[in-house]
Amino acid sequence: MEGIRIRLFIVLLYFLSITVPSIYATDFNYCNKKKEYAVKVSGVVISPDPITKGKVTSFTISAFTDKALSSGKVVIDVAYFGFHVYGQTGDLCAETSCPILAGDFTISYSQLLPTYAPPGSYTLTLKIQDGDKNELTCIKFDFSIGFFFDSKRGLADT
């Protein structure tokens, strides 16, 4: 009886590990390490992990500002092995509620990754600009779209 419980527990853990999307905190770097940015980024979370093409991927950026922000832009650039493949500029207030009061805040950005996105290493650059186009922060972080093994089709890319 005890052996059956252990096996059921292991099956349950396995099932949860493949069905519950994981969340991945990733390392990031400031674009200019010598610059003192007005907005300080404290973390980047990518969900799900691993990233799957043809599915929505969310990037959540945790940050801090010592000055309230009432408008601005979020500029996103994606490079594949160093080559620009995607760019977007959006309204800061569409990504988070404005005005952003002094203190901690988050920006969440979701994107449907195209099914034709090739596997490999990508770098996302995110800039936040105020209403006068002054750069408040600029960070870069890497993510990858990899290969996986499908038991029915063999090696496939995700």
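Gln-129 counts as buried because its relative accessibility is 18%; buried means under 20% relative accessible area, exposed over 50%, and partly exposed in between, with a 1.4 Å probe and protein chains only. The residue lies in strand S8, which spans residues 120-130; strands (E, at least two residues) and helices (H or I, at least four) are DSSP runs numbered from the N terminus. Leaving aside residues up to four places away in sequence, Gln-129 touches Ser-71, Gly-72, Lys-73, Val-75, Asn-134, Glu-135 and Leu-136, a contact being heavy atoms within 4.5 Å.

The model is predicted, so local features need pLDDT of at least 70 and side-chain atom pairs count only at pLDDT 80 or more, while totals for chains, interfaces and linings use all residues. Residues are numbered from 1 along each chain as its sequence is written, and side-chain values use heavy atoms, with hydrogens and water left out.

The mean pLDDT of the chain (the predictor's confidence in each residue, from 0 to 100) is 81, and 77% of the residues reach 70 or more. Where pLDDT is low, the predicted coordinates should not be read in detail.

The largest nonpolar core has 28 residues, and Phe-59, Leu-124, Leu-126 and Phe-143 have the most contacts inside it. Such a core is a set of buried Ala, Val, Leu, Ile, Met, Phe, Trp, Tyr and Cys residues joined through side-chain atoms within 4.5 Å. At least two of its residues come from each of strands S3 (39-47), S4 (56-65), S5 (72-80), S7 (103-112), S8 and S9 (135-145). S9 gives the largest share, 5 residues.

The structure also holds 7 aromatic pairs. Rings of Phe, Tyr and Trp (its six-membered ring) pair if their centres lie within 6.5 Å; planes under 30 degrees apart count as stacked, over 60 as edge-to-face and the rest as tilted. Phe-59 and Phe-141 form a tilted pair, because their ring centres are 5.7 Å apart and their planes at 50 degrees. Phe-59 lies in S4 and Phe-141 in S9, so this pair ties together parts 82 residues apart in sequence. Both residues are buried. The rings of Tyr-80 and Phe-81, with centres 4.7 Å apart and planes at 70 degrees, are therefore edge-to-face. Phe-81 counts as exposed because its relative accessibility is 51%.
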